[in-house]
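Please keep the coordinates open while reading.

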Amino acid sequence: MTEPMTGIATTRVTKSYPGSERPAVHDVSLHIADGEFMTFLGPSGSGKTTMLSMIAGFTPLSAGSITVDGREISRLRPHRRELGVVFQQYALFPHLSVERNVAFGLAQRKRPKAEIDRRVGEVLEMVGLSGMRERFPRQLSGGQQQRVALARAVAYEPRALLLDEPLAALDKRLRDQLQREIAHMHRELGMTFLFVTHDQQEALTLSDRIAVFNEGRIEQLGTPAELYERPRTLFVAQFLGESNALRLRPGEVTIVRPERVTLHTGDESVAAGQQRRTATVTDVVYVGDHSRIWLRYADGARGCAVLGAGTAHEYRPGSEVVVAWRPEHEAVVPDTERSPA
Ligand code: ADP
Ligand code: MG
């Protein structure tokens with residue numbers, strides 16, 4: 001069997017910063033396929049930026065190797081890796097026009113003027129800023145500056161685009177809009193994207209696959225649906241969204257997502273073969289297109305059900321309900337949550 005040759009591969013990559021007890025990234029091996037949209041998702045401090053920065057070339061590895069299309073790159077200087085990078089802060093050159101910011105990587109690579117002109121036009125059109133070539137960064141909104149940063153990063157046609165929380169500084173509506181634009185760019189360019197976020201919704205929306213980081217390791221790697229519906233650990237289950245986490249048997253936790261449970265006022269309407277537990281409604285939250293019914297089970301566990309518009313009015317805080325679900329919608333994970341001593 002041969003190793004995968006295309007794409008980005010890391011083998012047993014570790015980063016220990018001097019003076020810290022635990023490595024920031026610990027023994028991470030992964031393969032990002034050519035053209036894939038891969039996301040590193042995890043809480044603050046879990047090692048996402050360190051991992052991206054080692055791939056980009058800004059942080060030296062303590063151990064391991066990184067290849068792009070089979071070629072070892074971990075000792076190359078950043079600009080020799082042919083990777084585009086976008087950070088949370090726009091980091092445009094303030095004294096250069098939009099046009100010259102975007103042309104920067106092309107000019108550095110001594111591409112002919114006609115090619116630079118054409119390419120700058122193409123990528124500015126892709127991010128919807130064709131009319132702003134002459135402006136300076138200070139004359140642009142935060143969202144526009146981040147669009148310029150995206151255009152600049154892909155202008156010279158890098159091997160892949162690395163994005164470290166590029167939307168984290170923007171307000172929610174702008175973030176949603178730029179999410180769609182980034183998805184569109186990915187489809188249009190067919191380029192490998194490596195995206196870092198701590199926002200599970202953003203990760204689920206954008207990614208082909210997600211690597212969930214926890215304390216410097218990848219806890220699980222899979223498609224959004226695999227991670228959401230089939231988490232393998234309690235950490236992944238909890239990080240990817242709300243769930244009904246039920247301790248039905250010792251040593252394990254049964255996870256059922258809020259969209260997978262139905263609520264009943266009595267046992268009679270629950271179909272045969274379904275799992276069921278009684279719970280008390282603690283809160284009913286109207287969200288417009290759906291409502292969230294918050295629950296407390298007899299053992300004190302919190303849970304949640306999502307109901308379509310128009311059915312939630314039957315439930316009020318204090319109501320006793322039967323929560324039912326189909327066994328195939330359960331994910332069972334080891335119970336790793338220790339009660340505080
Ligand atoms: P994330 O991007 O997931 O928030 P980071 O990669 O920034 O995580 O950080 C991972 C761990 O490494 C954290 O414990 C952080 O404090 C530590 N760390 C990050 N950068 C440095 C640095 N330059 N020097 C020392 N420790 C660092
Ligand atoms: Mg970070």
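1. Ile-8 stands opposite Val-68 in strand 4. Strand 1 (residues 8–15) and strand 4 (residues 63–68) run antiparallel and are joined by 5 bridges. Helices (H or I, at least four residues) and strands (E, at least two) are DSSP runs, numbered from the N terminus, and two strands pair if DSSP finds at least two bridges between them.

2. On conventions: this is a predicted model, in which local features need pLDDT of at least 70 and side-chain atom pairs count only at pLDDT 80 or more, while totals for chains, interfaces and linings use all residues. Residues are numbered from 1 along each chain as its sequence is written, chains are lettered from A and ligands numbered from 1 in the order in which they are written, and side-chain values use heavy atoms, with hydrogens and water left out.

3. The pair described in point 1 belongs to an open sheet of 4 strands in the order 2-1-4-5, with antiparallel pairing. Its edge strands, each pairing on one side only, are strand 2 (25–32) and strand 5 (71–72). Helix 1 packs on this sheet and touches strand 1, strand 2 and strand 4, its direction making about 120° with that of strand 1. Contact here means heavy atoms within 4.5 Å; axes are lines fitted to C-alpha atoms, for helices over the stretch in contact, and angles run from 0 to 180 degrees between N-to-C directions.

4. Another open sheet has 6 strands in the order 6-7-8-3-9-10, and its pairing is mixed. Strand 6 (83–86) and strand 10 (217–222) are the edges, each with pairing on one side only. From one strand to the next the twist averages 15°. Helix 1 (residues 48–56) packs on this sheet as well, touching strand 3 (37–41), strand 6, strand 7, strand 8 (192–197) and strand 9 (209–214); the helix direction makes about 150° with that of strand 7.

5. Gly-84 has Leu-161 of strand 7 as its bridge partner. Helix 4 (residues 142–155) lies across these two strands and runs at about 170° to strand 6.

6. Ile-210 has its bridge partner, Gly-222, in strand 10. The hairpin of these strands has 2 residues between them, and Glu-215 takes a positive phi near 50° there.

7. Strand 14 (residues 275–286) has two antiparallel partners to note. Strand 17 (residues 320–325) is joined to strand 14 by 6 bridges, with Trp-325 as the bridge partner of Gln-275. Strand 15 (residues 290–297) is joined to strand 14 by 7 bridges, with Tyr-297 as the bridge partner of Ala-279. Strand 14 and strand 15 form a hairpin with 3 residues between them, where Gly-288 in the turn has a positive phi of about 100°.

8. What surrounds ligand 1? The shell consists of Tyr-17, Ala-24, Pro-43, Ser-44, Gly-45, Ser-46, Gly-47, Lys-48, Thr-49 and Thr-50, a residue being near if one of its heavy atoms lies within 4 Å. These residues divide into 3 nonpolar, 6 polar and 1 charged; Ala, Val, Leu, Ile, Met, Phe, Trp, Tyr, Cys and Pro count as nonpolar, Asp, Glu, Lys and Arg as charged, and the others, Gly among them, as polar.

9. A backbone N or O atom lies 2.6 Å from a ligand oxygen atom in Gly-45 and 3.1 Å from one in Gly-47. For Thr-50, an N or O atom of the side chain is 2.5 Å from an oxygen atom of ligand 1. Taken alone, ligand 1 exposes 560 Å², of which the protein buries 56%; accessible areas come from the Shrake-Rupley method with a 1.4 Å probe.

How values were computed. Polar contact = N/O pair within 3.5 Å; in protein donor to acceptor, adjacent residues only side chain to side chain.
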